[in-house]
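I opened my notebook and asked for the sequence and the 3D structure. I wanted to look things up one residue at a time.

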Amino acid sequence: SGTLQGDFTYAEYARKGFFELLFVTLINLSITVLVLTFVNSSFGFIKRFIQLLLTTLVLSSAVLLSSAFMRLSMYEDAYGFTFIRVMAHSFMIFLVVIFMYTLIKIWIEKLSLFHFYFICALLYYTVMNIINVEQIIVTKNIERYEQSGKIDLHYLNSLSHTGILGLIELYEENPQLPGLKNVLLERKNESNLSNNPWQSYNLKRVQANEELRKLVLE
C-alpha cells in the first residue's frame, strides 16, 4: 500500500521485505528458466497449460518486484539515498528487463534465453560503470533536503569529489545549514595543502578544488 505496516520501523520494514521479496523473485526466475530449458512440452494442451503457469509466475514476480521497489523507495524517503540503495534500485530495473524478455520467450520459443541474459548483464555492468552513480546520489539527496529539510552531510562528505561539489552547491543555497560550513572549511584546508602529481589527475577533484578556493566561508 506504500505505507508503513505494523510496528516496524522504516529500516526494518524495508530491509526485511526487500530481501525476502527479491529472494522469492529470483526463485521464480530460476524455476521459469529451468522449465523453459529442460521441460519438453510438445503436446498442445500441456504446452499451453505450462505457458499459462509460467506467465502467471512471471506476473507474480512483477508484483513482488513492485512491492520491493516501493519498500526501498520508502526507506530512501526516510533515510536518504546511498550507493547501496541506488544500486539495489538499478538491479531491480535490470530484473524487470529480464522478466519482460522471459515472458516473451515463454510464448515465442525460438528466442534465445541465455544469449539475451548474457548481453543484458554485460550492458548493465557497462552502464553502471559509465554513469556517475555518485552524482545521482548527490542530486537525489539534495532534492530530498528541499522537500523534507533532512540531509546526511557526513555521508555526502564521505563520497568522492562529486560529494564535495554537492556540498558546495548546498552551501550556496543554504549557508546556515548546521555543520555544513565546518565540513567545507576542513575540505578547503585539505585542498590548499594537497599537491597531487600529474599521474593522478582527476577532473572532479580539480573542479572541486577550484570551487573550494572560490568559496567564501563567512
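My entries below go from ground rules to surface, rings, salt bridges, core and a few distances.

**Ground rules**

I am working with a predicted model, where local features need pLDDT of at least 70 and side-chain atom pairs count only at pLDDT 80 or more, while totals for chains, interfaces and linings use all residues. I count residues from 1 along each chain as its sequence is written, and side-chain values use heavy atoms, with hydrogens and water left out.

**Entry 1: a nonpolar patch**

Which residues form a nonpolar patch on the surface? I found F43, F45, I46, F49 and L53, with about 590 Å² of accessible area together. I noted that accessible areas come from the Shrake-Rupley method with a 1.4 Å probe, and that for residues only the protein chains shown count as cover. To be in a patch, a residue needs over 30% relative accessible area and no salt bridge; like charges are joined within 9 Å, and nonpolar side chains (Val, Leu, Ile, Met, Phe, Trp, Tyr) within 5 Å.

I jotted down a general point here: in soluble globular proteins, nonpolar side chains tend to be buried together.

Helices here are DSSP runs of H or I with at least four residues, strands are runs of E with at least two, and the numbering starts at the N terminus. Is F45 buried or exposed? F45 is exposed, with a relative accessible area of 66%. The cut-offs are under 20% for buried, over 50% for exposed, and in between for partly exposed, with a 1.4 Å probe and protein chains only.

**Entry 2: rings**

How many aromatic pairs does the structure hold? I got six. One of them is F45 with F49, a stacked pair at 6.3 Å centre to centre and 15° between the planes. Rings of Phe, Tyr and Trp (its six-membered ring) pair if their centres lie within 6.5 Å; planes under 30 degrees apart count as stacked, over 60 as edge-to-face, and the rest as tilted. F45 and F49 sit four residues apart in helix α2, about one turn of the helix. F49 counts as partly exposed, because its relative accessibility is 43%.

I also saw that ring pairs link F91, F94 and Y124 into a cluster. Then I checked R85, which lies over the face of Y75 at 4.4 Å from the ring centre. A charge sits over a ring if NZ of Lys or CZ of Arg is within 6 Å of the ring centre and within 35 degrees of the ring normal.

**Entry 3: salt bridges**

I looked for salt bridges (a side-chain nitrogen of Lys or Arg within 4 Å of a carboxyl oxygen of Asp or Glu). The structure holds three.

K47 and E109 meet in one of them, at 3.0 Å, N to O. Why does this pair tie together parts that are 62 residues apart in sequence? K47 lies in helix α2, and E109 lies in the loop between α3 (83–107) and α4 (113–130). K47 is partly exposed at 23%, and E109 is partly exposed at 44%.

E190 and R187 also form a salt bridge, at 3.6 Å, N to O. They are three residues apart in helix α8, so about one helical turn separates them. E190 is partly exposed, with a relative accessible area of 40%.

K214 and E211 form a salt bridge at 3.4 Å, N to O. They are three residues apart in helix α9, so about one helical turn lies between them. K214 counts as exposed at 59%, while E211 is partly exposed at 27%.

**Entry 4: the core**

Which residues touch the most other members of the largest nonpolar core? Of its 26 residues, I listed I151, L153, L167, L170, L177, L180 and L184. Helices α5 (133–148), α6 (153–158), α7 (161–173), α8 and α9 each supply at least two residues of this core, and α7 gives the largest share, six residues. A nonpolar core is a set of buried Ala, Val, Leu, Ile, Met, Phe, Trp, Tyr and Cys residues joined through side-chain atoms within 4.5 Å.

**Entry 5: some distances**

L95 lies in helix α3 and is buried at 2% relative accessible area.

V97 and A121 are 10 Å apart, C-alpha to C-alpha, and 24 residues apart in sequence.
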